[in-house]
Amino acid sequence: MRRTAITLAVVLTAACGSTPAPAAGPSSHSTSAMPSDARPVPGIEAEIVRLRTDEAIGGQVQVRLTDTGDTPFTVTSVALRSPGFAPEPATAQTATYAPGRVIDLPVPYGTPVCDAAPVPAAAELTVVGPDGAGEQVQVPASADVLELIHTQECADLAVLAVVDIAVTGLHDDGDALAGSLTLTRRTGTEPVRATRLIRSVLIAPTAKLPLELAGDDASAAAPVSFTPASCDPHVLSETKQPYVFPLAVTVGDDEPVPMDLPLDQAAKDQLAALVQRVCLPS
């Protein structure tokens with residue numbers, strides 16, 4: 001991702017004559033402060049990024065911090081602050097920065113707040129300077145990826161407010177798993193259509209699509225099956241998202257929304273057992 005320089009600016013150490021910021025600790029500030037409190041800090045550059053591992057885990061991004069000054073510092077806690085996401089408690093860290101060093105710190109993001117914009121965003125940090133003095137600061141962070149995540153997750157929530165999507169009844173069927181893809185209405189009378197299901201690198205799903213839930217229907221179902229798409233050892237060992245299958249869902253006249261097919265841990269365990277049975281038989 002493009003790295004955007006940001007001038008950040010709250011003094012990191014409690015130097016003589018400065019007013020120290022509140023110490024880190026369990027307070028309402030640590031879970032509710034918004035980026036309006038952010039101030040530029042000389043010597044620190046911040047950006048919110050999402051790595052492939054974050055996509056695989058879900059619900060987290062990285063705060064990418066760069067020491068752009070000539071003074072080392074240590075970060076002992078980090079949290080994401082954005083008006084477009086519910087605040088999460090700070091995560092303990094021990095990351096030591098020297099001039100020029102770049103370190104990514106993983107942070108969870110909360111439930112999207114869909115009536116608020118995700119930017120401006122900030123990284124809330126507890127920073128310890130060379131003299132051992134620490135303070136809590138909020139530093140502005142470039143966050144293009146938060147806008148993408150916010151748009152995607154709010155679109156998902158809008159669909160799920162209308163219809164529940166589930167895979168049920170999974171069972172072994174030769175070299176496959178078979179079950180049902182089910183749409184169950186929650187609210188409204190708009191028609192809902194599931195039109196396309198995309199494979200992962202490891203597993204190929206097949207469903208009888210399009211599956212349509214008419215305006216006066218409570219539920220609709222179609223057969224779905226899963227087969228290994230590859231037994232290549234490299235694919236088996238390196239794939240990061242083996243059980244992510246984008247499903248295109250349309251509500252009424254809206255644009256299709258690509259959503260991850262909902263699979264609980266039991267279903268993922270069945271898929272893992274399928275790959276073991278087909279690709280790595282004992």
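E8 and E9 form a hairpin with four residues between them, and Gly174 in the turn has a positive phi of about 65°. The model is predicted: local features need pLDDT of at least 70, side-chain atom pairs count only at pLDDT 80 or more, and totals for chains, interfaces and linings use all residues. Residues are numbered from 1 along each chain as its sequence is written, and side-chain values use heavy atoms, with hydrogens and water left out.

**Overall make-up**

- The chain has five helices and 15 strands. Helices (H or I, at least four residues) and strands (E, at least two) are DSSP runs, numbered from the N terminus.
- Of the 282 residues in the chain, 41% are buried. Buried means under 20% relative accessible area, exposed means over 50%, and partly exposed lies in between (1.4 Å probe, protein chains only).
- Among contacts between residues at least 6 apart in sequence, 68% join residues at least 24 apart. A contact means heavy atoms within 4.5 Å.

**Confidence**

- The mean pLDDT of the chain is 87, and 87% of its residues reach 70 or more. The pLDDT is the predictor's confidence in each residue, from 0 to 100.
- Over residues 1-33 the pLDDT is below 50. Beyond near neighbours in sequence, this stretch has 81 contacts in the model.
- Where pLDDT is low, the predicted coordinates should not be read in detail.

**Strand E9 and its partners**

- Strand E8 covers residues 163-172 and runs antiparallel to E9, joined by eight bridges. Two strands pair if DSSP finds at least two bridges between them.
- Val163 stands opposite Arg185 in E9.
- E9 also pairs with strand E13 (residues 219-228), in the antiparallel sense and over eight bridges. Here Thr184 stands opposite Ser219 in E13.
- Why is E9 described as largely enclosed by the rest of the structure? Seven of the nine residues of this strand (residues 177-185) are buried, so E9 is largely enclosed.

**The E14-E15 hairpin**

- Strand E14 (residues 246-251) pairs with E15 in the antiparallel sense over four bridges. Pro246 has Asp260 in E15 as its bridge partner.
- Five residues separate E14 and E15 in their hairpin. Gly252 in the turn has a positive phi of about 60°.
- In a regular strand the side chains alternate between the two faces of the sheet.

**Disulfides**

- The count comes to two disulfides, each a pair of cysteine sulfur atoms within 2.5 Å.
- Cys114 is joined to Cys154, S to S 2.1 Å. The link of Cys114 and Cys154 is left-handed, with -100° about the S-S bond.
- That pair links distant parts of the chain, 40 residues apart. Cys114 lies in the loop between strand E5 (102-108) and strand E6 (121-128), and Cys154 in helix H3 (residues 144-160).
- Cys114 is partly exposed at 41% relative accessibility, whereas Cys154 is buried at 14%.
- Cys231 is joined to Cys279, S to S 1.9 Å. The torsion about their S-S bond is about -65°, so this disulfide is left-handed.
- The pair of Cys231 and Cys279 also links distant parts of the chain, 48 residues apart. Cys231 sits in the loop between E13 and helix H4 (233-238), and Cys279 in helix H5 (residues 265-279).
- Cys231 is partly exposed, with a relative accessible area of 36%, whereas Cys279 is buried at 14%.
- With the bonded cysteines numbered in sequence order, the pairing is 1-2, 3-4.

**Largest pocket**

- The largest pocket holds about 1,200 Å³ of space. On a 1 Å grid over the protein atoms alone, a pocket is an open set of points with protein on both sides within 12 Å along at least five of seven lines, where a 1.4 Å probe fits. Grid points are joined across faces, edges and corners, and a volume is the space filled by probe spheres set on the points.
- The lining has 41 residues, of which Glu55, Gly58, Gln241, Val244 and Asp260 lie nearest the pocket's centre. Lining residues have an atom within 4 Å of a point.
- Helix H2 (52-57), H3, E8, H4 and strand E15 (257-260) give two or more residues to the lining. H3 gives the most, with six residues.
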